Each structure stands twice: as structure tokens, then as C-alpha cells.
Amino acid sequence: MRRVVIVEDHPLMQAALEATLEGADGFTVVGTATSGLQAEPLVSRTQPDLVLLDLQLPGLDGLSCLALLRERHPDATVVVLTGVEDDEMIERALSGGAVALVRKSIAPADLPVLLRQVMLGSVRFATPRIARAVVTQATRQSQLDEARTEVCGETGLTARELEVLEAVARGLPNRAVAKELFLSDQTVKRHLRRVYQKLGVANRTEAARTAYRLGLHAAT
């Protein structure tokens, strides 16, 4: 569970952010602040994993607040929120220690997905277009993971045998499969024999066709 502090002076925006994250899996809001002066004491008290920080704050501006947080809480991940198109401010925020920048125009449903990617280090600058791309990729990956789980359950394939099957479905020869999966050629051949047996197929072509039929084509 990711612990989140929200620093946002606009009441409606703060409430919307809090409701969005509290309603999403993997996040809990441990505190909110409405000014830059409140931010550091709140972070010190709650020790969050993630800080959502508005750039335009009363008392202590967002960039100054960011600098203070990076100095006193270097382990906290700070994501900057902005509703303005100011390239200089954005660059100063990113160079000042923010791990990512999120536009306030982002769709609420996209925010948790985007923040998960941020925590994994996959996103630095997030426009709505990038956010949609991240959500799309995450959805595809989730669907592929579900397909893999179902295939293993239906066929009895192990996770490694499934990886070999997916590589074969992409047209890789045994040597390339071995290199990609850090296996010996003989081990790949052994896995393939088991794959053929479990799928009831006779060769690579039939195995690849079966992989597509089972919904593993997203791996290609």
C-alpha cells in the first residue's frame, strides 16, 4: 500500500485527488495540506511514499517546497501537479528533484495507473496523451498476464515452458530462444518437447498457431 500526501490549495481539486486515490487499489492518503508551509511538517509526521505537490501554493511556492522536501526527505517520491503551460517552471521542477510531472487535466481514472508507473520509474513527464498510452499499455499487459495464467491452468505448461512457447510463436529459432531466456540449446529443446506433448502438437508451426489461438499473440 503506497502512502500518499497531497499538497494542493484548491479544495475541490484536493478532494478529487483524495477520492480518486482512496478509491484505487494500492494507495492510501495519509495527509493533505493546503499550503507550502504545511507540507514539510506533514511529510515529516506521516512519512509518505509519494507526495503530490501543486506548483502554485500560498505561503511557500511549489518549487521552494520541493527543494525543502528533497533536502529533508530524500526517500519520498515527489510528483508535481500543474495546470499551467510554463516550460521553464516545469524544467525547474524536474531538475529540482521531482520524479514526474502530471497535468491537472489528466482523467481521474488514469491517475492511479500513471502513479504506479511513476513509482516503477517508467514515467517522467506526463501529459494526458502519455497518460493514455501508459493506461493502454498497462491494460494490455494485464490482459496478457491473465491469458498466460489461463493457458498454464488449461495446458499444464510451466511458466518457463510458456516463455519458450511465446518465443517460438514470435518466430525465434532455438538458438535465439536460448540466448533470450539464458538457457542452453539442449534445455530449449527439452522444453519444446514438453510443450509439444502438453499442447498435442507435432512441430513449431502448430505450436505457434496454438499460441495465437490461446490468446498469446500480444507477446509478439
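Thr46 touches Arg3, Val5 and Val30, not counting residues up to four places away in sequence, where contact means heavy atoms within 4.5 Å. The model is a predicted one, in which local features need pLDDT of at least 70, side-chain atom pairs count only at pLDDT 80 or more, and totals for chains, interfaces and linings use all residues. Residues are numbered from 1 along each chain as its sequence is written, and side-chain values use heavy atoms, with hydrogens and water left out.

**Thr46 and its helix**
- Thr46 lies in helix α2, residues 36–46; helices (H or I, at least four residues) and strands (E, at least two) are DSSP runs, numbered from the N terminus.
- Thr46 counts as buried because its relative accessibility is 12%, buried being under 20% relative accessible area, exposed over 50% and partly exposed in between, with a 1.4 Å probe and protein chains only.
- A polar atom of the Thr46 side chain lies 2.8 Å from the backbone oxygen of Leu42.

**Overall make-up**
- The protein has 10 helices and six strands, and of its 220 residues 44% count as buried.
- Among the contacts in the protein with a separation of 6 or more, 58% are accounted for by residues 24 or more positions apart.

**Nonpolar cores**
- The largest nonpolar core has 24 residues, and those with the most contacts inside it are Leu157, Leu165, Leu199 and Leu216; such a core is a set of buried Ala, Val, Leu, Ile, Met, Phe, Trp, Tyr and Cys residues joined through side-chain atoms within 4.5 Å.
- At least two residues of this core come from each of α6 (128–155), α7 (159–169), α8 (174–181), α9 (185–199) and α10 (204–213), and α7 gives the most, with six residues.
- Leaving aside neighbours within four places in sequence, Leu157 is in contact with Val151, Cys152, Leu162, Leu165, Val195, Lys198 and Leu199.
- Apart from this core lies another, of 22 residues, which include Leu63, Cys65, Leu66 and Ile90.

**Leu144**
- Leu144 lies in helix α6 and, at 7% relative accessibility, counts as buried.
- Although Leu144 and Gly215 are 71 residues apart along the chain, their C-alpha atoms are separated by 7.8 Å.

**Helix packing**
- The axes of α7 and α9 are 9 Å apart and the two helices pack at an angle of about 90°, axes being lines fitted to C-alpha atoms, for helices over the stretch in contact, with angles running from 0 to 180 degrees between N-to-C directions.
- That angle makes α7 roughly perpendicular to α9, the class for 65 to 115 degrees, whereas angles under 35 count as roughly parallel, over 145 as roughly antiparallel and the rest as oblique.
- In this pair, Arg160, Glu161, Val164, Leu165 and Val168 of α7 meet His191, Leu192, Arg194, Val195, Lys198 and Leu199 of α9.
- The residues of the α7 contact with α9 divide into six nonpolar, one polar and four charged, with Ala, Val, Leu, Ile, Met, Phe, Trp, Tyr, Cys and Pro counted as nonpolar, Asp, Glu, Lys and Arg as charged, and the others, Gly among them, as polar.
- Helices α8 and α9 pack at about 105° with their axes 9 Å apart, and α8 is therefore roughly perpendicular to α9.
- Asn174, Arg175, Val177 and Ala178 in α8 meet Asp185, Val188, Lys189 and Leu192 in α9.

Notes:
A polar contact is a pair of N or O atoms within 3.5 Å; within protein, one must be able to donate a hydrogen and the other to accept it, and residues adjacent in sequence count only if both atoms are side-chain atoms.
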